[in-house]
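Okay, thanks everyone for coming. Let me put the structure up, and then I'll walk you through a few parts of it.

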Amino acid sequence: MADSDSTTGLTRRDLLKIFALSGGGLALGWVWPARAETNETPAPSRFEPNAWVNIHADGRIQLRLARSEMGQGVMTALAMLLAEELEVGLDQIRIEPAPVDPVYANRLLGEQATGSGTSTRDGWETLREAGALARTLMIAAAARTWGVPESECRARRARVHHADGVRSLGYGELAAAAANLPVPASVVLKDRSDWTLIGTSQPRLDTPLKVRGAARFGLDVRLPGMLYAAIRRCPVIGAEVSAWSGRAAREVPGVIDVFAVRHGIAVVAETSWAALAGQARLEVDCRPRVDTAVATERLHSRLRIGLSGRAPVVLKEGDVSRALAKAALEIESVYELPFQPHACMEPMNCTADVRPDGCDIHVPTQSQSATHALARRLTGLPAERIRVHTTFLGGGHGRRREQDFVHDAVELSQRLGQPVQVIWTRADDFQHDYYRPMTLHRLRGGLDAAGEPVAWFHRVVGPSVLARRDPGRIRDGIDPLMIDGATSLPYGFAHRRLEYRRADTPVPIGLWRGDGHSHNAFATECFLDELARAGGHDPLELRRRLLAGSPAHLALLDRLAEHWAAPVPEGCGRGLALVEAAGSRLALLAEVAVEEGRVRARRFVAVLDCGQVVNPDAVLAQIESGIVFGLTATLKGAITFSDGRVEQTGFGDYPLLRFDEMPQVESILIDSDAPPGGVSPIATPAVAPAVANALLALLGRPFRSLPIRL
């Protein structure tokens with residue numbers, strides 16, 4: 001399905017408006033402020049793209065999906081929110097991608113984008129209200145048609161039924177009449193006890209398309225006259241092309257042209273095979289612009305310097321120095337986490353069609369706003385002539401909020417005057433990623449005579465993610481993304497101090513699943529187990545005492561207690577970790593063994609409090625996928641550097657968790673009346689500390705660096 005014309009200039013929720021569609025239907029959306037002020041009668045076709053939901057005279061119900069489906073199930077979850085209040089079934093809703101417009105901005109991210117577990121949280125009220133409003137108007141239209149009180153009418157399965165049990169009208173039949181009714185000042189949302197969809201496991205709407213091979217990912221895009229392109233980039237970080245030869249590449253049948261572009265040398269061809277074959281035959285020399293001796297050991301040494309000396313204070317409670325001096329026992333540990341790739345199954349790609357009168361971009365992106373803004377800047381076209389068509393995403397994990405692959409496609413299409421699909425190889429992906437940053441953590445803890453923690457010190461050392469993405473959010477040298485989770489540590493220490501020492505490196509870094517939680521949880525949860533061991537306490541019981549003021553966290557541990565107290569399987573160690581992120585809380589128990597000299601995770605038990613659960617089956621799947629993602633980073637590999645370049649080129653030297661290594665996963669969802677929290681980022685950060693703590697219990701020694709090596 002194609003999306004509609006993109007527009008810009010709206011401010012969110014300026015005015016809710018109803019529009020009659022040209023076919024006699026109903027569209028609910030937000031109107032331009034200027035038009036609201038002038039009371040100009042809207043032209044139906046003009047305003048239809050701004051609607052969240054359209055109900056057509058033929059009965060079609062369309063939801064404009066403003067978030068990216070990358071396997072997390074957002075397409076189904078957001079449709080459930082609308083369908084619940086609209087009183088329709090999921091089978092009665094059609095999904096189409098939303099255009100780029102500020103009205104579709106994610107309030108939690110500040111742009112039209114998907115990530116950090118925000119989609120359901122952002123849509124929780126908006127889509128339910130949109131559905132409730134449509135239902136209210138349909139009932140009102142039916143009541144007027146029949147000349148009966150609205151209280152005698154009830155909506156069900158896209159029809160309004162009268163209490164006489166005889167009369168009923170479909171939404172399509174009522175759409176035109178509903179569009180002419182005044183907009184109610186407010187609508188009443190259904191009571192939770194009346195929900196029929198929210199809270200029930202629903203099959204994902206995207207599954208049939210993917211099973212049939214009908215889902216369109218970025219690499220499936222085909223446009224008339226489309227060319228293919230692959231780009232050779234300098235392998236050394238920060239280097240630029242100094243000389244190149246495309247003679248051998250041009251000899252490949254199907255290759256049309258070879259020329260320099262911003263990110264390297266492009267091979268343009270009639271087929272993807274020819275483009276990739278030509279790319280492989282390019283001869284390119286590069287000139288370094290920065291330190292060519294980038295190597296993992298040197299980067300590590302650079303960060304290690306930051307463990308000493310002074311650093312900006314993020315949080316200070318009590319007097320840690322004094323408490324440590326008076327402690328019966330002081331413990332200090334350093335934790336280390338490496339760079340990590342996103343390793344998306346679908347390599348980066350983008351298709352652009354730049355013409356004098358407009359630009360169409362077909363792309364698996366997590367940030368439609370950024371894609372649109374980049375295209376506008378590169379082409380100079382008016383905003384309304386640039387359209388972003390969002391395809392399915394073969395994984396994102398934060399990588400697709402970057403725009404380098406979009407830049408490639410727009411630049412090439414603009415130069416050639418034809419549609420161009422830019423394709424990255426797996427090696428391109430691994431060697432030119434925006435990685436999770438390497439970080440080091442210094443922790444100090446003080447125990448009293450009873451072995452109870454009384455002081456907690458944590459210094460985070462690492463580069464700033466926001467320095468490139470959003471430097472305005474850095475205050476006093478502190479990048480808030482880098483201290484996610486460390487700031488909101490729920491444990492009640494009498495004395496606590498958190499510091500962040502910025503240590504930038506030449507390595508490009510970006511958002512990664514769980515963001516700062518993914519490194520801070522490893523350090524804090526592992527160190528807490530070290531304190532428990534030093535004080536002679538059970539790790540779960542120690543956490544319980546430190547969480548005495550937090551009943552929500554205690555509830556997680558209560559549900560986990562039975563599994564924790566059960567006999568440990570022979571040959572296994574058992575560890576746990578507690579993480580709070582994106583408005584959700586998770587306690588994770590891991591059972592780990594050492595088999596044939598390798599760490600083997602056998603079983604996980606996850607207890608999740610993510611507020612009200614929209615689609616339980618999708619939440620359980622997210623927990624499992626987060627564990628798989630986290631286990632790969634915990635046990636498998638890392639991005640390393642030698643002579644200025646990334647050493648990994650694909651899944652051969654960065655292996656993922658294999659099917660036969662998948663542990664048993666048991667998940668428990670806590671019932672809650674709180675608004676939904678994010679799920680996608682919550683499990684991954686808990687895996688590494690839970691596994692390391694299990695190994696501590698099994699082998700009696702701490703594991704303070706990732707990936708874990710025996």
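This is a predicted model: local features need pLDDT of at least 70, side-chain atom pairs count only at pLDDT 80 or more; totals for chains, interfaces and linings use all residues.

Residues are numbered from 1 along each chain as its sequence is written, and side-chain values use heavy atoms, with hydrogens and water left out.

A word on terms: helices (H or I, at least four residues) and strands (E, at least two) are DSSP runs, numbered from the N terminus. Two strands pair if DSSP finds at least two bridges between them.

Back to that pair. Glu332 has Arg444, in strand 20, as its bridge partner. Zooming out, what order do the 5 strands of the open sheet come in? They go 14-22-21-20-15, with mixed pairing. At the edges sit strand 14 (313-317) and strand 15 (329-337), each pairing on one side only. From one strand to the next, the twist averages 10 degrees; axes here are lines fitted to C-alpha atoms, for helices over the stretch in contact, and angles run from 0 to 180 degrees between N-to-C directions.

Now the helices. Helix 9, residues 296-305, packs on the sheet and touches strand 15, strand 20, strand 21 (453-462) and strand 22 (495-502), contact being heavy atoms within 4.5 Å. The direction of helix 9 makes about 40 degrees with that of strand 20. Helix 15, residues 517-535, lies across strand 15, strand 20 and strand 21, at about 150 degrees to strand 15.

Helix 15 comes up again in the largest cavity, where it gives the most to the lining, with 5 residues. Strand 23 (572-581) also supplies at least two. A cavity, on a 1 Å grid over the protein atoms alone, is a set of points where a 1.4 Å probe fits but cannot get out, and lining residues have an atom within 4 Å of a point. The lining has 14 residues, with Gly485, Leu489, Leu578, Val579 and Glu580 nearest the centre.

Last stop, Arg322, over in helix 10 (residues 320-326). Is Arg322 buried or exposed? Arg322 counts as exposed because its relative accessibility is 57%, and exposed means over 50% relative accessible area with a 1.4 Å probe, protein chains only.

Technical notes. On a 1 Å grid over the protein atoms alone, a cavity is a set of points where a 1.4 Å probe fits but cannot get out, and a pocket is an open set with protein on both sides within 12 Å along at least five of seven lines; lining residues have an atom within 4 Å of a point. Buried means under 20% relative accessible area, exposed over 50%, partly exposed in between (1.4 Å probe, protein chains only).
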